[in-house]
Amino acid sequence: MLPNVEKALEYDKLKTLLKRYTVSELGNARVDKLAPSDSLDTVRHQLKLCSEVKTFQQRLGEIPLAGLTDISQQLQQASKTGAILEPDEFLNIAKVAQLPSTIKKKFKNPDCDEFSRLLSIVDALPVFDEIVESIWSRISSEGTVLDRASSELRSIRRKLIKIRENIHIKLEAILRSSDHQKSIQESVITFRNNRYVIPIKQDAKSFFSGVVQGQSTSGATYFMEPLSIVEMNNALHETVEAEHREIRKILLELTDQIRERIVDFECALELLAELDFLNAKARFSHELNAVEPKLNTNGIVNLSEARHPLLEFQTRANTQSQKQKTPEPDKPKHKLPTRVVPTDVRVGKDFKTLVITGPNTGGKTVVLKTVGLLCLMAQSGLHIPAAQGSKLPIFHHIFADIGDDQNIEQSLSTFSSHITKIAEMLKAIEDSGFAHSLVLLDEIGAGTDPTEGTALGMAILAWLSEKNVRTIVTTHYGALKAYTHTQNNMENASMEFDWNTLQPTYRLKIGVPGSSNAIKIAEQLGLPPRILTDAENNLGNNNVAVEDLLIQLQQTQQELDTERKQLHEKIHLAETEYQKHKELIDTFEADQQTRLQNAEKEALEIITTARRTVDNVVSDIRHEQASKASIREAFSKIETAKKQLKPDPPIKQQKKKKFNVNVGDKVRIIQLNRFGEITEISKKSSTPLQVRVGSMQMQLSYNDIDSVVPKKESQHLSTSVLDIQHNKANSVKDELCIHGMLVKEGLDITDKYLDDAYLAGLLSVRILHGKGTGALRSAVHKVLDANPHVVNYQYAHPTEGGEGVTVVKFKE
């Protein structure tokens, strides 16, 4: 990028937004270093890494980085031989040093195996468990060195306590002594010059045996150290010094431990900063509902439903502001935009140059900035706010001239400023050997005579097209639209305008040149009608006719787009219905085949049995020498076998009665096993019922339906819900057995079963969980307590399972 492009495309503001999602200054510093890359492998790796972290966050939560701070200065200090860090500095190091172990522990989850790129970073993290334990065992969370830090320190502090106790006992005895009551200003023990003293009156100073350690501001009180505790204070001072020496020794040992692993600490700090940065990128992606773009090296830009990220955040802020703001009746309402209109943009495949026209404030410049900024985001390893499947190439150079950069100090006019920037772009493109470049120009050729500006614009576009540069420009010049129309590698586009509301819709229409609509907008903004009429006359009939033709073309395009959208919806609906019917047919054919196979198998078994019976009968007759009784018994067995071979007579279908149904009732179509809504009833037809199922209308007789649900009961229930309820009612039993299962397995099954049973309309069910240790039973009861559909539950009667079975009642 040229230096001014980052500002023109607001890349710097994007990085400021990204910093909201870091947790440390280390992450912020990493964002500051963020820059686009022109290496396909690097960009693809960073995008995939961002996707992995985003998926990780959605499944397992964020990477734990609480307590991450920049300890680089402490590490630099610790690297010096003989240096000693302070306790609070060790606390900061400990908080950072324990993060690698915490992170690695979270990544031990088996589900983390798919995050290969992220795991490579986590695996590289050094751990500091011994140092963390060493710090926390010696320094308290308040930053004081603990007694257990060393046996010597413990001994010294015990000695200090004993000396202080003895000093207080001695001083309290002096304060209570009647010999000194007149000399003592106040019965308190205080501290001066690191020595214990008592306050003595000024006029009693000469009568009190002691050493003066201080005097009050007024001079009325002397703080004196009685001679009897001088040696004790000396011992206290020496012991305090010994304590300080021991503490410094402990801190020195800890500092030495840090110094031994200083390289590992620096490595960990760098990797933790990277994880903070990745966490921020993933959270940023989630906040914007952004996606990973598909990369290519062919210079093809194909963005679907692209949104400018800064505009997205701004509209959200506007929405929040309007909710909180109390309207003032006297002030006119000025509604700020609360929704970003997505943009579809493509360039680089069918054409290399896109020329956008349309009214002022119609969104032309936003389109330029959106394309440019999203390209920079992608090449910086950031997901882009667009629809899935959006494609972006790897550009080696991105140039942008957007806005009016008139420079008074350098005596540059608007036109001069634009041309200077364009000249720099063209030189950079030529010097780069015509590598893949993207050029974005706002109001090309503006700021000078329109005729000359148009001629310059044509020449610049022709040069860029010849160099195979992907170019998107905006303009109000009609001649540039006509020129673009005649070029093979160029295409017109326009910002859609709603002629009913006289408001821009901010939608980009590729292939349709646009009108600036200046006179129409001026009319809307309140310019007098006479001036508007004169303006149209000055414009000339030919120009007015061309503008009207463009308007008609835009309106026709809008109508075609609407019809195309409706057609796509109908095609999608038809495909859905086709798939449903195909599944029904496949199910029916599979069921029919199964029935046929079962019937053949059953017939074969009956025939085999019959043959065996006949053989046995013949054998018996021969054995009994054909007595009458044996022959009669043989015939009886054969008749029994014959009856088994005969199929059961068909069950006579009872004629179904005529249901009492009305328009709006929902009924089940027997053949389809689906619910539909009655839309019309014709009394004289053999199929009097017109029923809507999905998007289909069917003519049915009363024999084709059952399960009538009156309109009053079903007005808040869709047919899909009734389908589910009917299927559930036929498939869900009133008893569930989870006896012997693990708690998690049993709860998953119980939770789903409760929902199914409620949908099926069951009023009560039994859950067989067994007695055992009671863990499964307690867990089931917790689930029942939390289920909104459950009215109450109790153990079954002792004869029906007792505490091993819970009977659940649902709301009606």
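These legends walk you through a few close-up views of a predicted model.

Residues are numbered from 1 along each chain as its sequence is written. Local features need pLDDT of at least 70 and side-chain atom pairs count only at pLDDT 80 or more, while totals for chains, interfaces and linings use all residues, and side-chain values use heavy atoms, with hydrogens and water left out.

**View 1. An open sheet of four strands in the order 20-21-23-22.** Strands here are DSSP E runs of at least two residues and helices are H or I runs of at least four, numbered from the N terminus; two strands pair if DSSP finds at least two bridges between them. The pairing is mixed. Strand 20 (735-737) and strand 22 are the edges, each with a single partner strand, so one side of each has no neighbour in the sheet. From one strand to the next, the twist averages 20 degrees.

**View 2. Strand 23 and its partners.** Five of the six residues of strand 23 (residues 805-810) are buried, meaning under 20% relative accessible area with a 1.4 Å probe, protein chains only.

**View 3. Strand 20 beside strand 21.** These two run parallel, joined by three bridges, and Leu736 has Ile767 as its bridge partner in strand 21.

Methods: Buried means under 20% relative accessible area, exposed over 50%, partly exposed in between (1.4 Å probe, protein chains only). Axes are lines fitted to C-alpha atoms, for helices over the stretch in contact, and angles run from 0 to 180 degrees between N-to-C directions.
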